[in-house]
Amino acid sequence: MRHLMNPLDFTVEELDSLFDLANDIEKNPSKYAHACEGKKLATCFYEPSTRTRLSFEAAMLNLGGQVIGFSDAGSSSASKGESVSDTIRVISCFADICAMRHPKEGAPMVAASRSGIPVINAGDGGHQHPTQTLTDLLTIRSLKGRLGRFTVGLCGDLKFGRTVHSLINALVRYPDIHFIFISPPELKVPDYITDMLKEMGISYEEVIRLEECMPKLDLLYITRVQRERFFNEEDYVRLKDFYILNKAKMALAKDDMLVLHPLPRVNEISVEVDDDPRAVYFKQVQYGVYVRMALILTLLEIRV
Ligand code: CP
């Protein structure tokens, strides 16, 4: 039985197969419409979500399966003190596969160690968000035709943004990636990540101003400032509007640069950018459904 805790749980070759499957689902959705008949997905979300939970649920429904779950800890027996370990043993009696989001780093890993069914990490604290990374990689591969040879700008909250940490982990396995980390000093990418890049000999630079690196970028991945992970409101308010991507900044970028964002957006991308063909963050959401369908089929070992 396999779980997904980290994008690195799949080899590059396995990811290629997963993305091929996701692209086939995109082209031939009716072929997969009954693939999960009789199967249930449990979504156990101890933290708020719109995209991840609903796209998992849409994915299972598109495959002909059914969905159970809870969308906040307060409506589950976690509010009475039940442990994640006990909860997953119970859920294993009800469902065939579980997607879990939790504010504590490592909680889905604890669940996986006690589970009778595959567990998917749907985001754990500031740590990892592997299915967002699968979504990001599928979007890039589908729109650019490759996953290597890019200058990638990561902008915003690089300290607390788990989508950023997961994406860096995943991209280092592809050739000729150069990272540009764009953040205020308080929200720099953690040292363990820059240490890893140094050890692997992967080039990166750290800058504060978005404008100065826009012309170099092939991909710009923007994230919101993660209010829920700040220790005080004053710091959040000071940093929340540090970056706002607008038409004037987009004018500095390459014609074929892509702008990605895991969403939700707050103010960091002006709505005037939404109609720019390089802005692909809503396409990303659609790719998220295809890749979660492919992931469910793969972890349940269902071949169509
Ligand atoms: N991208 C993402 O994780 O969005 P949600 O928090 O809405 O699930």
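Start by selecting helix H2 and helix H6 (162-171): each supplies at least two residues of the lining of the largest pocket. Helices here are DSSP runs of H or I with at least four residues, strands are runs of E with at least two, and both are numbered from the N terminus. You are looking at a predicted model, where local features need pLDDT of at least 70 and side-chain atom pairs count only at pLDDT 80 or more, while totals for chains, interfaces and linings use all residues. Residues are numbered from 1 along each chain as its sequence is written, and side-chain values use heavy atoms, with hydrogens and water left out.

**Stop 1: the largest pocket.** About 350 Å³ of space lies here. Of its 21 lining residues, select Arg101, Arg162, Arg224, Leu263 and Pro264, the closest to its centre. On a 1 Å grid over the protein atoms alone, a pocket is an open set of points with protein on both sides within 12 Å along at least five of seven lines, a cavity is a set where a 1.4 Å probe fits but cannot get out, and lining residues have an atom within 4 Å of a point. Points are joined across faces, edges and corners, and a volume is the space filled by probe spheres set on them. Colour the lining by class and you get 4 nonpolar, 10 polar and 7 charged residues. (Nonpolar means Ala, Val, Leu, Ile, Met, Phe, Trp, Tyr, Cys and Pro; charged means Asp, Glu, Lys and Arg; the others, Gly among them, are polar.)

**Stop 2: the second largest pocket.** Select Leu21, Tyr32, Leu297, Thr298, Glu301, Ile302, Arg303 and Val304, which line it. The volume of this second largest pocket is about 200 Å³, and its lining has 5 nonpolar, 1 polar and 2 charged residues.

**Stop 3: the largest cavity.** Now go inside, to a cavity of about 70 Å³. Which helix gives the largest share of its lining? That is H11, with 4 residues. Show H2 (51-62), H5 (130-144) and H11 (281-299) together, as each supplies at least two lining residues.

**Last stop: Phe94.** Finish in the loop between helix H3 (84-91) and strand S3 (97-102), where Phe94 lies. Phe94 counts as partly exposed because its relative accessibility is 46%, between buried (under 20%) and exposed (over 50%), with a 1.4 Å probe and protein chains only.
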